[in-house]
Amino acid sequence: MHSMVEISHEFLKPVLHPQAICVDGTFGTGKDSVFFLNQKVKKVIAFEIQKEAIDACTITDPRFILNPAGHENMDEYIQEEIDAIIFNFGYCPGLDPSISTKWQTSCTAVKKGLSLLKQKGRMALVLYPHEQGRIEAEKIESMLSELDVYKYSILKMNLLNQDKSPYIIGIEKREK
Ligand SMILES: C[S@@+](CC[C@H](N)C(=O)[O-])C[C@H]1O[C@@H](n2cnc3c(N)ncnc32)[C@H](O)[C@@H]1O
């Protein structure tokens with residue numbers, strides 16, 4: 001079976017096209033940004049706060065912009081409506097494990113991302129409900145469960161037979 005990250009990419013694929021504007025909210029080692037670029041989209045805007053990750057970035061594609069900034073401030077960097085956005089929460093294996101996403105800024109970023117999405121645009125969240133990420137996953141879910149069903153369709157996909165496995169939330173904006 002595909003990994004949760006691969007499944008999150010499959011969820012986003014239907015909204016990717018040559019004019020699509022995409023956002024990678026948690027750049028890390030850049031796998032999600034590379035996925036978007038490989039789908040021949042128009043532009044990929046990424047965010048990352050970890051210097052080591054920013055310095056290690058080797059993507060030179062002119063369609064790509066890496067903002068050394070927190071995703072919670074994305075509205076200061078993005079002027080256009082967006083087609084697709086991904087967040088892969090938690091810390092990045094291979095980088096500094098002490099630099100992890102935090103529920104407060106993650107919730108702000110998800111809200112801002114939703115308001116920047118076009119009608120029919122999609123957001124994918126990959127969450128890790130282990131010790132460190134449990135509260136973050138709970139807070140994000142609780143915020144999303146309050147959203148108007150006529151504005152957003154929200155699905156959750158997890159492994160039923162594995163405790164605390166990573167899981168995905170996929171959101172489609174139904175109306176502006
Ligand atoms: C699970 S990793 C992302 C994995 C990444 N998508 C990849 O393909 O390697 C989470 C990343 O979010 C970054 N991060 C933490 N807080 C952030 C914030 N407020 N804004 C942007 N990035 C943040 C961390 O530095 C870390 O690299």
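A salt bridge is a side-chain nitrogen of Lys or Arg within 4 Å of a carboxyl oxygen of Asp or Glu. The model is predicted, so local features need pLDDT of at least 70 and side-chain atom pairs count only at pLDDT 80 or more, while totals for chains, interfaces and linings use all residues. Residues are numbered from 1 along each chain as its sequence is written, and side-chain values use heavy atoms, with hydrogens and water left out.

**Exercise 1.** State which residue forms a salt bridge with Lys43, and what the pair ties together.

Solution.
1. By the rule above, the count of salt bridges is 10.
2. Lys43 pairs with Glu80, and their closest N and O atoms are 2.7 Å apart.
3. Lys43 belongs to strand E2 (residues 43–47) and Glu80 to the loop between strand E3 (64–67) and strand E4 (82–88), so the pair ties together parts that are 37 residues apart in sequence. Strands are DSSP runs of at least two residues, numbered from the N terminus.

**Exercise 2.** Find the polar contacts (pairs of N or O atoms within 3.5 Å) that Asp32, Glu48 and His71 make with the ligand.

Solution.
1. Asp32 places a polar side-chain atom 2.7 Å from a nitrogen atom of the ligand.
2. In Glu48, a side-chain N or O atom is 2.4 Å from an oxygen atom of the ligand.
3. His71 uses a backbone N or O atom, 2.9 Å from a nitrogen atom of the ligand.
4. On its own the ligand has 600 Å² of accessible area (Shrake-Rupley method, 1.4 Å probe), and the protein covers 96% of this.

Definitions and conventions:
A polar contact is a pair of N or O atoms within 3.5 Å; within protein, one must be able to donate a hydrogen and the other to accept it, and residues adjacent in sequence count only if both atoms are side-chain atoms. Helices (H or I, at least four residues) and strands (E, at least two) are DSSP runs, numbered from the N terminus.
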